[in-house]
There are 2 protein chains.
Amino acid sequence: MKTILHLHQTHHTLADFESIFKTLAQISGIDGLHLFPELYLTGYPLQDLVLQRPFIDSYLAFFEELNLWAKKQKAGNWRALLGGLHYELEESGLPVKIRNVIYEVIPGEGLKILYTKRLLPNYDIFDEEKYFAAGAQNTFYEFNREIFGLLICEDMWTSSVHDLDPCHLMHLEMKEKNIKVSGIINLSASPFDVAKKHKRFERARNLSLLFNSPFIYLNRVGGEDEVLFDGGSFVMAGPKLHLELKYFEADSKSIDLSLVKSEYEEAPAFKPGNTWEGLFSPQLDSAQTPAVLKSWSDDECAEVLKALQFGFQEYARKNGFKKFLVALSGGMDSAMVLAIIHLCLKKDQDLEAIYMPSIHSSPLSTQLSEKMCASLGIPLAYFPIKFLHSAVKNAFVSQFKEPFEGLTDENVQSRLRGTLLYTRSNQTGAMVINTSNKSELAVGYSTQYGDSVGALSLLGDLYKSEVYRLARFIQEKYNSPIPAGIIERGPSAELRENQLDQDSLPPYERLDAILEGILSYRLGKKQIIGLGFREEEVTKVLNLYLKTEYKRAQFCPILKVKSKSFGFGYRMPISKNLSYQFNS
Amino acid sequence: MKTILHLHQTHHTLADFESIFKTLAQISGIDGLHLFPELYLTGYPLQDLVLQRPFIDSYLAFFEELNLWAKKQKAGNWRALLGGLHYELEESGLPVKIRNVIYEVIPGEGLKILYTKRLLPNYDIFDEEKYFAAGAQNTFYEFNREIFGLLICEDMWTSSVHDLDPCHLMHLEMKEKNIKVSGIINLSASPFDVAKKHKRFERARNLSLLFNSPFIYLNRVGGEDEVLFDGGSFVMAGPKLHLELKYFEADSKSIDLSLVKSEYEEAPAFKPGNTWEGLFSPQLDSAQTPAVLKSWSDDECAEVLKALQFGFQEYARKNGFKKFLVALSGGMDSAMVLAIIHLCLKKDQDLEAIYMPSIHSSPLSTQLSEKMCASLGIPLAYFPIKFLHSAVKNAFVSQFKEPFEGLTDENVQSRLRGTLLYTRSNQTGAMVINTSNKSELAVGYSTQYGDSVGALSLLGDLYKSEVYRLARFIQEKYNSPIPAGIIERGPSAELRENQLDQDSLPPYERLDAILEGILSYRLGKKQIIGLGFREEEVTKVLNLYLKTEYKRAQFCPILKVKSKSFGFGYRMPISKNLSYQFNS
């Protein structure tokens, strides 16, 4: 009797119980084992939502409905395994324990708990120990006389930050009890980062060889504010990838288990997994002096572009936006944001650009902005701020008898632009897209409530040199949507005469490598100097980074494409003694 | 031989190792047992700082220095117990395990680990399981032939959200091994909230009776961005409070243990502790219909005022601000912020107010703002925005051929004010203090980048009715710093003709009770209606609350004075299906 595995890589909004139900109902009567992702029944990550009484009540009502539906199904040779929550409640209805579990859907019977997630990730953006109670047992599940080992997401990993290695424990039990499995099934909700696909495949390959069975990996699709779930579900059998589902799209594929079941080579020694370092996949090539940030391949560029466009569309759809507004400066970042959105714009969506020159904006910035919008057919509003800028200046002189200059004069231009941008957004109902990059964010090189505004940041996880790398990729692949002049000119905020970023910062390739050392490797001054950088540039960057925590604390959500990003997973006190950074 | 306990309730900036060392060194040679708070050696909460290489290196160097200092001390009848970190490192120097421990300082010998915290709080603002590994053993410590049970902070609590009850386990071991203790020592870093003092005393009283020994509670002092540590260390012996240290101030007191050691009454049955509900100390009086928010007593008002002033001064000092800027509107919230700061201003600090009327600002707002500043001697800058406002309006008409009105027109006034406020802040180096309250934040009744700006929010954890309550307290106690007219007029944003908050929101006493139901009890629509509210007002408030998550996501740090606050401990996805709130 054949065993068909159906991989359902689903895509639903958090708590959209109606759609979740409809998708599930479609499998009714289709022979085989249907697999759905981790927390399929709710979506992930839920954060405090999981503790809300109305959420709990709605979920339990939905679960009961589902249970009735399953009971009413005709008995047949099909089952579903899906991720959901299990609540243990007090009499008052408040949750005592919440578990992240796998349910089995049994036609004619209902839903039954099979397995509770053992390894709860609790680093970086993950807070599962805050909400969930861990399981303590392996589960071997039998369907169609085949036995499967069950895992949920993090369970497939091991790390020096965890005390537990669920795969190792499962393997031990198999040896002890002489259990032979036909597959290891992992239901996941695993966030995208550009270095992760390779890690997943490698780990799955190791595990497939270890268990001497196919490794079936099912991941969800979704953009949850900052966190992107890329799908890419697969079946790995021994060293060979047998099935791969789409990335950033709902997808369903089926596979006959007998085609991937076979004896593989001898299982290798069990490999230790991640360290703290491995968790954050740092991207420095320290064989060079000074160390350099590794450059993305074309494939990686394509992945990042897809991730950004997906995350943007997800936020827009879930929050009801169909119009978008980008402030162009004539520089690289805003042009890139415009191009990225333009390239994924849907028929019923509108994109508008606005250009707000000050007295320090060069004629070239105007020309380049106009050129880009004209060639892409994007309406460009021209809104000079010279008049408002001088009105504010004059008013300050007459009120305070002190003219302002320097940084004050730079910031006021940026904040007037923020005000005008949001006024236009209010007028049209457009979502404002932020244009800051990760290098700027790290050194605080933007004006709070000025150019740092926006509902969502597309480039906030890309260093400036990565913005350039992605730009080259987009230019080649999409017929150069960005005028060459924008890419070739030096970066400048144009907030004072002849300003260039390089006047106050190290060149971006050095800056970005230093920042990667600080952020992903969590290094200090001496260690970064050890990578081949000059003391004065390291000190300068560290000072800028340390003194601008308050700006990052109020920044908008950032689409996460790296393992270590600013945003929710970056948790730093603003107030602290800073000497520790320089003493060691 | 007398046993003197020295309670050192310390106050240091995070990672200020030099000051921490100096404070400790002062105990050298003073007979008795010296107690210092949880994580005395580093400060708390450290968040990701604990993973930074330079932090780890600096801490370990400091620890080694301390160890040498202890070794060099003459042997004597004194010891210190203090909180610190213990790092277990990989060969590479990266942390494998980090423990939150109690060290014993032994003169002539060095530092020795005694105890590892067992119960790691991981709810709301707490993320200890993210960083720390839990201990698994009770510790009984002997000094001067007296035995003490050791606890760290959360260890004294129990709850349905924890699997573990360290006090119960300690008590069991005492029974089994017939151990008689002379005291239970709890070193804490326990954040302030207005309902907590009473809870601490009650729990300490129960534990003192249970263990039949004094309960010695030592807490740190500090304002760490949002989180305030209030000190208030004490010794509870049986039902009696024997010693109480200052609140929100460093303090040291000593006590002769023999004076508090005695047999108490029969130990009561062991009481169960917190539930999820208890953790968030909700403040609704549901005996009334509709339910009402409990009103603060004068003592509670005094505590909250002290907390806000302390938190404000802490942020200012740690981030180097000596000038402060508040935008007055002629309304209650900004007047309160001004009064609170004015009442705690130090000699070397400056406070400036700025008043920025638009065409919708009433003459009364001007008069009241002037009156308040004149009577308190605070310089008031008058900066009308009428001209800039109409300049923006005209420019939009000529550029976009569409005049704006309604919400757009309201927001532009607010954002122009934000721009001008920060321009003034740039000019003088003043810290801008936010003036939003919790009711506004909850319903999104403020303009992003407009009146929502600021480095720190003083009132963001106070509902509007609590702002009024605190105002009455301040007026009585401090000779009415706020003109009566400000308190008596109805709340209005004055962004359009004759606007009053009550036109679009339920009266504040009803609104605040509904919000407390949503936020602290995590209730949904039906349950709130069950508390005596009308369906339409509940639906309106829920809709406003649910659709403004994006505004709260970019808000400034909020001084936390309640157990459930917006800010770091409030973790809600922006993008989600909202029907769950209304279905149940």
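Residues are numbered from 1 along each chain as its sequence is written, and chains are lettered from A in the order in which they are written. Because the model is predicted, local features need pLDDT of at least 70 and side-chain atom pairs count only at pLDDT 80 or more, while totals for chains, interfaces and linings use all residues.

The contact draws 82 residues from chain A and 83 residues from chain B, where contact means C-beta atoms, placed from the backbone, within 7 Å. On the chain A side, α12(A) gives the largest share, twelve residues. That side divides into 41 nonpolar, 24 polar and 17 charged residues (Ala, Val, Leu, Ile, Met, Phe, Trp, Tyr, Cys and Pro count as nonpolar, Asp, Glu, Lys and Arg as charged, and the others, Gly among them, as polar). As 100% of the interface residues of chain A are also interface residues in chain B, the copies meet through the same surface.

Helix α12(A) (residues 406–428) also meets α11(A) (residues 386–400); helices here are DSSP runs of H or I, at least four residues, numbered from the N terminus. Their axes come within 10 Å and cross at roughly 125°, with axes fitted to C-alpha atoms over the stretch in contact and angles running from 0 to 180 degrees between N-to-C directions. The contact joins L388(A), H389(A) and V392(A) of α11(A) to V412(A), Q413(A) and L416(A) of α12(A). These residues comprise four nonpolar, two polar and no charged.

Note on methods: Contact = placed C-beta atoms within 7 Å. Helix = DSSP H or I, 4+ residues; strand = E, 2+ residues; numbered from the N terminus.
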